[in-house]
Amino acid sequence: MAEQPRVGIVMGSDSDWPTMEAAALALDEFGVAYEADVVSAHRMPEEMVRYGREAHGRGLGVLIAGAGGAAHLPGMLAALTPLPVIGVPVPLKHLDGLDSLLSIVQMPAGVPVATVAVGNARNAGLLAVRMLGLAESDLVEQMVAFQDDLRAAAAAKGERIRN
Ligand code: RP5
């Protein structure tokens, strides 16, 4: 039987996948099961409402939502679900993703979306691991090891410059 997904990765279009795939790869690194789908806020509004309403009851723990342009998907999902929602601003051809960023980050008080940098779906995946880690100590340990590796890699770069 397939493992119960803990993270739902959704996006406004399949054209967002080349950006969003980095979130899936980060979850793979930590062995976190996820599902991925297209749930367009503007083109599939009823599916979006259903997804947002059912996500928690289906056993998901975190949603990662990416969209570009008038990027309303993360905010709308945050309005529909009690789960934490991480927003990924997907950069499009025009405006370099600034439109996506502002659409996602400027949420009204009371409806939070944890917004990562433009195009940085990897950080969305890592943040989801941290959120799940609050309840799963094994993941916290994995995250600590990951951060130790990051620290060592950054320190090594400094060493190369100094020498
Ligand atoms: C947004 O419009 C999607 O999230 C995507 O970033 C953008 C373009 O979508 P397509 O025209 O490629 O389907 O809703």
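How many bridges join strand E1 to strand E3? The model is predicted, and local features need pLDDT of at least 70, side-chain atom pairs count only at pLDDT 80 or more, and totals for chains, interfaces and linings use all residues. Residues are numbered from 1 along each chain as its sequence is written.

Strands E1 (residues 7-11) and E3 (residues 62-68) run parallel and are joined by five bridges; helices (H or I, at least four residues) and strands (E, at least two) are DSSP runs, numbered from the N terminus. Valine 7 lies opposite valine 62 of E3. The open sheet has five strands in the order E2-E1-E3-E4-E5, with parallel pairing (two strands pair if DSSP finds at least two bridges between them). Strands E2 (34-38) and E5 (114-115) are at the edges with a single partner strand each, so one side of each has no neighbour in the sheet.

In the largest nonpolar core, 44 residues are present, of which Ala23, Ile64, Leu73 and Val88 touch the most other members. Such a core is a set of buried Ala, Val, Leu, Ile, Met, Phe, Trp, Tyr and Cys residues joined through C-beta atoms within 7 Å. A residue is buried if 20 or more other C-beta atoms lie within 10 Å of its own, exposed if 12 or fewer, and partly exposed in between, with C-beta atoms placed from the backbone. Helix H5 contributes the most to this core, with six residues.

The buried residues of H5 include Ala121, Leu126 and Leu132. These buried residues pack against E1, H1, E3, E4 and helix H6 (137-162), contact being defined as C-beta atoms, placed from the backbone, within 7 Å.

Terms used. Contact = placed C-beta atoms within 7 Å.
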